[in-house]
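Here's a quick briefing to read with the model open next to you.

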Amino acid sequence: MLKISDLKVKLEEEDKQILKGVDLEVGAGQVHAIMGPNGSGKSTLSYVLSGRDGYEVTGGSASLEGVDLLDMEPEERAAAGLFLAFQYPVEIPGVGNMTFLRTSYNAQRKARGEDEVSAAEFLKLVREKAKDLKIDAEMLKRPVNVGFSGGEKKRNEILQMAVLEPKMCILDETDSGLDVDAMKLVSDGVNALRSEGRSFLVITHYQRLLDHIVPDVVHIMANGRIVKSGGPELALEVEKNGYADLMDEVQ
Amino acid sequence: MALPKAKIDATEARLSGMQIPEGGAGWARAARNDALERLTGMGLPYRRDEYWRFTNPAEFLAPETPRAEIALDAPGFEDTQALRVVFTDGVFDEAASDDLSQEALEIERFADAVTKDIHWVKGLLGVLETAGQDRVDRPLATFNTAFAEDGLVLRATGKVARPVHVEYRRAGEQAEAVLRHMVRIEDGAELTLLESGVGAARLNTGMEVDIADNGAFHHVRMQGRDHERRAATHAFARLGQESTFKSFTLSLNGMMTRNEVVITLKGGDAVAHVAGAALGDGRDFHHDDTVFVTHDAVNCESRQVFKKVLRNGATGVFQGKILVQPDAQKTDGYQISQSLLLDEDANFLAKPELEIYADDVQCSHGSTSGAIDETALFYLKSRGIPEDKAQDLLVLAFVAEALAEIEDEGLAETLREQLAGWLERRR
């Protein structure tokens, strides 16, 4: 599904190398987790994959189902099936959540050469998805993320994911700012969307999210590289001993 | 104080050959002559007047009317049920207008009203305009009082169900129009006035609105079908106790637009809201909102909400003032003016002012100018929305606060669609 080879990235504005050769392959239907200390390059990886400005790829490649991601605009990557759930979902006053969802949905359909759906059809579709995810219909009427609690913002990300039905989902520190109950709700949402044709890359600091979203593979990222990979037990090891021990071991 | 020579020359040049309209009754002639005398005394605006620091009035002063191509664009308020009154090149167009009759409303042409003996019109013509000259000269408004030949005279005696829609049309490429509207809202009465359309190659409109206690006046205006617009507009309003005045203007492009609104809250517990959204694309776009609100009674509320979206060298200006007189305790005054600059070529000039003589008041003002939020733009794009559409969404989001000032949801939606359509066509 997602194949990253020797990806090297620096900041556009300054001479600072963030990713120093990342190799990663996520198979269809798999859930991979990336853990790592602050500044290891985890969030940069998610931004580079989704096409945010401010980064310069200096080497390597990244592809989704064999299609080169790095040459595409962010909206083209989305239409190709990539989705980034933001660590800090953006508030957009004045744009209704429903308008936002429908504009996104139809823009992706149009980009894929599919027919756009009417407002009425779309409303029905969203209501069903929201119901499955136990999301209050009231949330759909409000402006995008404005006045949402931390938990509501993250659930809104999951709702977008459910509506847009991407193939490859990247969750950037989805657990940050969530209490235990909210984390459970969000995780349930993610788990409900797991399927054979959909893969996940879960970026997190802490092991606790991985109790709820159980990964197939765990990677440890440090200093711009993936330094160790293993099964879910690797996350437990980090939780117990911290990153420092692991770093020593790797070096 | 003697006027500068340049000003005297410009004023003489502009006024040469202009005549006070014939045919008015004695009282109208007196009001017009008085205006002409005041106008000669103060002179027309020029670049060095403080009040015209950000906007060059030259377009309004050229003795010869500038030429403007007759542009056609999507019409405004087409789907709104309203009594339509059409002025073509500044003259009432009976054939194109609806029958001038409406329940709870007395309505007639200004050109007719000035020949009659209507008590309230006699007592109002030029009066609010003259009062509005306090502290700042507004010669283009005085010019309007002196030379306006036509317009609408409206007196609401109850809640008027259907809005009155004044539609301006243009037939000549070099037409000049000077229109005067007079509005009286009686105790407890309510009226909505809509304005749209291309006025003339050069348009000067003036409006005096006198609102009695408990009256309400809503004004929604669309400027945008004429890219070569040169318009100077003035609205003067006087508010009685517990009365309401709300005015909103959507301006799309236009070469030179100056909209002045001058409000005096005379009775306690009155409410005045003035808002606008202006979008300009191109170096030849210049839009100026100038507002002066005087609180002269207790417990009144005023709001000014202005948003401007500018690109490709377009210029936006906001001059807004709240004056709180000594007796106007418990005043609640709010003023915000913001601009969204879509590139580095756009200009926004703002002069927000507060002048407060009462001690128990709440007044706030703010003015900001910024670029599009890159994080929000990326967020939208990451969901599959192409850059230009994402930008349009953020532009609509930016002006939403101003559009929210329109009380009638249907009218707000009409303007929102107009705006969205304009954005789409500009791509």
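Is B:Glu59 buried, partly exposed or exposed, and at what relative accessibility? B:Glu59 comes out as partly exposed, at 29% relative accessibility. Keep in mind that this is a predicted model.

**Salt bridges in chain B**

- B:Arg230 pairs with B:Glu59 in a salt bridge, with 2.7 Å between the closest N and O atoms. The two sit in distant parts of the chain, 171 residues apart: B:Arg230 belongs to strand β10 (residues 230-239) of chain B, while B:Glu59 belongs to helix α3 (residues 58-61) of chain B.
- B:Arg84 and B:Glu167 form another salt bridge, 2.7 Å from N to O. Since B:Arg84 is in strand β1 (residues 83-88) of chain B and B:Glu167 is in strand β5 (residues 164-169) of chain B, this pair ties together parts 83 residues apart in sequence.
- Here B:Arg84 is partly exposed at 27% relative accessibility, and B:Glu167 is buried at 5%.
- B:Asp288 meets B:Arg258 in a salt bridge at 2.8 Å, N to O. Strand β14 (residues 286-295) of chain B holds B:Asp288 and strand β12 (residues 256-265) of chain B holds B:Arg258, so the pair links parts that are 30 residues apart in sequence.
- Both B:Asp288 and B:Arg258 are buried.
- There's also a network: B:Glu106, B:Arg155, B:Arg184, B:Glu186, B:Asp210 and B:Arg238 are joined by salt bridges that share partners.

**A buried helix in chain B**

- Take a look at helix α7 (residues 139-147) of chain B: nine of its nine residues are buried, so the rest of the structure largely encloses it.
- Among the buried residues of α7(B) are B:Phe143 and B:Phe147, along with B:Leu140 and B:Asn144.

**Negative charge on the surface**

- A patch of negative charge on the surface brings together residues of chain A and chain B. From chain A come A:Glu12, A:Glu13, A:Glu14, A:Asp15, A:Asp53, A:Glu73 and A:Glu76; from chain B come B:Asp373 and B:Glu374.
- A:Glu12, one of the patch members, is in the loop between β1 (2-11) and β2 (17-26) of chain A.
- At 45% relative accessibility, A:Glu12 is partly exposed.

- A:Val57 is part of strand β4 (residues 55-64) of chain A and is partly exposed, with 36% relative accessibility.
- Although 49 residues separate A:Val57 from A:Lys8 in sequence, their C-alpha atoms are 5.9 Å apart in space.

**What the record says**

- For chain A, UniProt (unreviewed entry) gives "domain: ABC transporter" at residues 2-248. That span is 40% helix and 29% strand, and its end C-alpha atoms lie 30 Å apart.
- For chain B, the UniProt annotation (unreviewed entry) is "domain: SUF system FeS cluster assembly SufBD core", covering residues 173-398. That span is 9% helix and 60% strand, with 35 Å between its end C-alpha atoms.

Definitions and conventions. Residues numbered from 1 in each chain as written. Chains lettered and ligands numbered in written order. Predicted model: local features only at pLDDT ≥ 70, side-chain atom pairs only at ≥ 80, totals over all residues. Heavy atoms only, no water. Patch = residues over 30% accessible without salt bridge, like charges linked within 9 Å, V, L, I, M, F, W, Y side chains within 5 Å. Areas by Shrake-Rupley, 256 points an atom, 1.4 Å probe, with all protein chains shown as cover. Salt bridge = Lys/Arg side-chain N within 4 Å of Asp/Glu carboxyl O. Lys, Arg positive; Asp, Glu negative; His and termini not counted. Charge placed at Lys NZ, Arg CZ, Asp CG, Glu CD. Helix = DSSP H or I, 4+ residues; strand = E, 2+ residues; numbered from the N terminus. Buried < 20%, exposed > 50% of the residue type's maximum accessible area, 1.4 Å probe, protein only. UniProt positions renumbered as here; feature names shortened; annotations may be inferred.
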